[in-house]
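The tour below goes from one selection to the next and says what is found at each stop.

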Amino acid sequence: MPNVAVIGAQWGDEGKGKVVDWLASRADVVVRFQGGHNAGHTLVVGEQTYKLSLLPSGLVRGKLGIIGNGVVIDPEALLAEIDRVRAQGLAVGPDTLRIADNAPLILPLHAALDRAREAARGARQIGTTGRGIGPAYEDKVARRAIRIADLAEPDTLADKLDELLLHHNTLLRGLGAETFEKRDLLDRLLALAPQLLPFAEPVWERLDEARRAGRRILFEGAQAVMLDVDHGTYPFVTSSNTVAATAASGAGIGPAAVGFVLGIAKAYCTRVGAGPFPTELSDATGTLLGDRGREFGTVTGRRRRCGWFDAALVRQAVKVGGIQGLALTKLDVLDGLPELKIGVGYRLDGATVRRLPAAPRAQAAAEPVYETMEGWSGSTRGARSWADLPAQAVKYVRRIEELVEAPVTLLSTSPERDDTILMRDPFEG
Ligand code: GDP
Ligand code: IMO
Ligand code: MG
């Protein structure tokens, strides 16, 4: 009875939230291990739609949620999100949510620096969410981050703010942005402390106990392999490792406890923000996919770029991300398209390769090589069993399995929680 890690296999927004919510019925604990409130996970349960950014999606099922040390936490965003979901009737309190006391905080100066840098990049913008994710991870690695546990030590906070402000105000001034005052930040943090500290604990201990008691742990990834700071389309990536290996270090548990790695991929492909996207469609089919799939960013509200399923890209994500099974979502969006294309490789310097190169110019120059398949005329929308799928849709799924070199173990056919087809239970290994 292994645990399960869910990670994105493309550029995010594959439907991780829906899949985690669905799988959470079989889990005891759900853990976020990287990213921050750049993530936007949408769950549709009957009449209710939940939009979660920092909170583990398992909370909707009443399962214990843990925010691991690998996550960067904007305390104000977290408290606002807790208020929002409480207003929707969810019980969120220190008994249902635990936060790693060694998780680093995102402060207002991080978001300010994120935005000032993006503005300075001009045409070379990354298209970040502007929420301070990159600068907060930089501070963690630079050993100047303020962490949750520091909130209990006002003197530590004051000292750390001196170091942080020396660094950030220098940069902000240089970029022509507004600087920050120590007193304001300190007052803000001290006011937040009593609201946050009741959630804080060494979560590694609780996870260790859960593991030893045979409880099922579900690790919920944010972003996706192609946004991973090492393995993605650098520099058009986020600032954390999104691969399944991070579930261990980002939660405080050994790698063997991570268990089965379920990768989530859309039956086509989308991307928010800038950067290479070989199979992108800038024609009417791209618009159709965006309209049908309601491809608007949960966090940014920006229209997502859309394109054909890129099997070479997902195969690469399977290999570097350690994906053992794939959940294919949004198959319904392809209903009725007369013809479908699948990217099977890239044309580069006269040769065909099955991996995206690392150098930015080569990435941008990679021309997709396509395989064309007939579409299906029936509907897959809302299908809950394999037998309900049109034969041609089954063929499409089977071809994807061959090309990405991983079995499709779960299919999603609408935003609704229960419109899901399970082929193999990831908790059974
Ligand atoms: P995440 O970031 O990976 O959790 O994905 P998002 O929630 O940002 O984006 C996925 C969107 O697709 C959400 O609006 C979901 O409600 C929706 N969705 C998930 N699965 C399906 C599906 O199988 N079909 C359709 N049509 N929509 C889906
Ligand atoms: P979920 O968990 C899609 C993208 C941003 C930008 C890049 C860097 O919902 O799949 P950042 O603010 O992280 O420094 O931005 O990463 N990005 C996402 N795209 N889904 C996400 O999360 C994303 N989180 C960040 O658009 O291109
Ligand atoms: Mg999302």
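A crossing of two helices is called left-handed if the near helix is turned anticlockwise from the far one by less than a right angle, and right-handed if it is turned clockwise. The model is a predicted one, in which local features need pLDDT of at least 70 and side-chain atom pairs count only at pLDDT 80 or more, while totals for chains, interfaces and linings use all residues. Residues are numbered from 1 along each chain as its sequence is written, chains are lettered from A and ligands numbered from 1 in the order in which they are written, and side-chain values use heavy atoms, with hydrogens and water left out.

**First stop: α3 and α4**

Select residues 108-121, which form helix α3, together with residues 133-141, which form helix α4; helices here are DSSP runs of H or I with at least four residues, strands are runs of E with at least two, and both are numbered from the N terminus. Two packed helices are described by the angle between their axes and the distance between the axes. The axes of α3 and α4 come within 7 Å and cross at roughly 120°, where an axis is a line fitted to C-alpha atoms, for helices over the stretch in contact, and angles run from 0 to 180 degrees between N-to-C directions. That angle makes α3 oblique to α4, on a scale where under 35 degrees is roughly parallel, over 145 roughly antiparallel, 65 to 115 roughly perpendicular and the rest oblique. The crossing of α3 with α4 is right-handed. Now show the side chains of H110, L113, D114 and R117 in α3 and of I133, P135, A136, E138 and D139 in α4, which make the contact, meaning heavy atoms within 4.5 Å. By class, this contact has 4 nonpolar, 1 polar and 4 charged residues; Ala, Val, Leu, Ile, Met, Phe, Trp, Tyr, Cys and Pro count as nonpolar, Asp, Glu, Lys and Arg as charged, and the others, Gly among them, as polar.

**Second stop: α6 and its partners**

Next select α5 (residues 154-174) and α6 (residues 182-196), which pack at an angle of about 140° with their axes 10 Å apart. These two helices are therefore oblique to each other, and their crossing is right-handed. On the α5 side the contact is made by P154, L157, A158, L161, D162 and L165, and on the α6 side by K182, L185, L186, L189 and L190. Of the residues in the contact of α5 with α6, 9 are nonpolar, none is polar and 2 are charged.

Centre the view on L97 in strand β6 (residues 97-100), which at 0% relative accessibility counts as buried. Leaving aside neighbours within four places in sequence, L97 is in contact with L55, P56, L59, L64, G65, I67, I82, V92 and F199.

Most residues other than glycine have a negative phi, and most peptide bonds are trans. In the loop between β8 (217-220) and α8 (245-249), find P235, where the peptide bond from Y234 is cis, with omega near 5°. Q223 is also placed in the loop between β8 and α8; this residue has a positive phi of about 55° although it is not a glycine, and at 8% relative accessibility it counts as buried. Then move to K330, in the loop between β13 (325-329) and β14 (339-348), whose phi is near 60°.

**Last stop: two cysteines**

Finally, select C269 and C306, whose sulfur atoms are 9.0 Å apart, too far for a bond. C269 counts as buried at 0% relative accessibility, as does C306 at 4%. With a disulfide taken as a pair of cysteine sulfur atoms within 2.5 Å, the count comes to 0 disulfides.

Notes
Buried means under 20% relative accessible area, exposed over 50%, partly exposed in between (1.4 Å probe, protein chains only).
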